[in-house]
Amino acid sequence: MVVKEFTVDLNQPLVFQVGHLEEHYQEWVHQPIVSKEGPRFFTNDTMEFLTRTKWWAVPVIWLPVVCWLFAKSIRMGHTIQEVILMALFGVFVWTFIEYALHRFLFHIETKSYWSNTAHYLIHGCHHKHPMDSLRLVFPPAGAAIICVPFWNVVAFFASPSTTPALFAGGLLGYVMYDCTHYYLHHGQPSKDPAKHLKRYHLSHHFRIQDKGFGITSSLWDAVFGTLPSSNIVAKLS
């Protein structure tokens, strides 16, 4: 695609190209290329490898951590019933975090070279190549780094014995989110609610990108008035 005097060469590593689109970046990134083969991001093979993640890596890596944290709260004196309630609360809080991140960070308007570059790495690449199966879930190395500030926030508000279970609930919510997100792109659900969620999410990609920010549910879209029109969603049946 030619924008002004700059051409994005899809056969070359993209990350350090897209920033040159400047104010035209948002228009470019929301014109999806539907292909199962994802683009190359970096010339460096190590950096390129770190951007690619199999979907099953998320549950394999993080579910043992979730179980260990639940067990930690139990060892510190909480009953199984209490831990279950804390886990459910953590999952519920995650659904809000999921919505807020998607709406206010992943879809932030950018124009400068470095802000465009950062946006493309965080979320723009997913809108440009929505069927890239190796860049649908968050790389574990990046998730581990982000876990640190989230843990500190939970620890600030919670007690030492409840922090592990509450954090584990949020982490479980994240695992559910990433696996659901992958399934909505690559699965073929035949029944609701999964079938509806797939239509709902694809409407966000291919119809109206400033609506439908929820992935695992439409709850917060309903609360904050960002539900897409039911007619738009129905057209993707």
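Helices (H or I, at least four residues) and strands (E, at least two) are DSSP runs, numbered from the N terminus. The model is predicted: local features need pLDDT of at least 70, side-chain atom pairs count only at pLDDT 80 or more, and totals for chains, interfaces and linings use all residues. Residues are numbered from 1 along each chain as its sequence is written, and side-chain values use heavy atoms, with hydrogens and water left out.

**View 1. Segments annotated as transmembrane in UniProt.** The unreviewed UniProt entry places the feature "transmembrane region" at residues 55-71, 83-101, 137-158 and 165-184. UniProt positions follow the numbering used here, feature names are shortened, and annotations may be inferred rather than shown by experiment. Residues 83-101 are 100% helix and 0% strand, with the end C-alpha atoms 26 Å apart. For residues 55-71 the values are 88% helix and 0% strand, and the end C-alpha atoms are 26 Å apart.

**View 2. Packing of H7 on H8.** Helix H7 (residues 140-157) packs against helix H8 (residues 163-186) at about 140°, with the axes 10 Å apart. Axes are lines fitted to C-alpha atoms, for helices over the stretch in contact, and angles run from 0 to 180 degrees between N-to-C directions. H7 is therefore oblique to H8 (under 35 degrees is roughly parallel, over 145 roughly antiparallel, 65 to 115 roughly perpendicular, the rest oblique). Residues in contact (heavy atoms within 4.5 Å) include Phe 150 and Trp 151 of H7 and Phe 167 and Tyr 174 of H8. By class, this contact has eleven nonpolar, one polar and no charged residues (Ala, Val, Leu, Ile, Met, Phe, Trp, Tyr, Cys and Pro count as nonpolar, Asp, Glu, Lys and Arg as charged, and the others, Gly among them, as polar).

**View 3. Packing of H4 on H7.** The axes of helix H4 (residues 57-75) and H7 come within 12 Å and cross at roughly 25°. This makes H4 roughly parallel to H7. Ile 61, Trp 62 and Leu 69 of H4 meet Pro 140, Ala 143, Ala 144, Cys 147 and Trp 151 of H7. The contact of H4 with H7 has eight nonpolar, no polar and no charged residues.

View 4. Most residues other than glycine have a negative phi, and most peptide bonds are trans. Glu 22, in the loop between helix H1 (15-18) and helix H2 (25-29), has a positive phi near 50°. A cis peptide bond, with omega about 10°, joins Asp 192 and Pro 193. Pro 193 lies in the loop between H8 and helix H9 (194-206).
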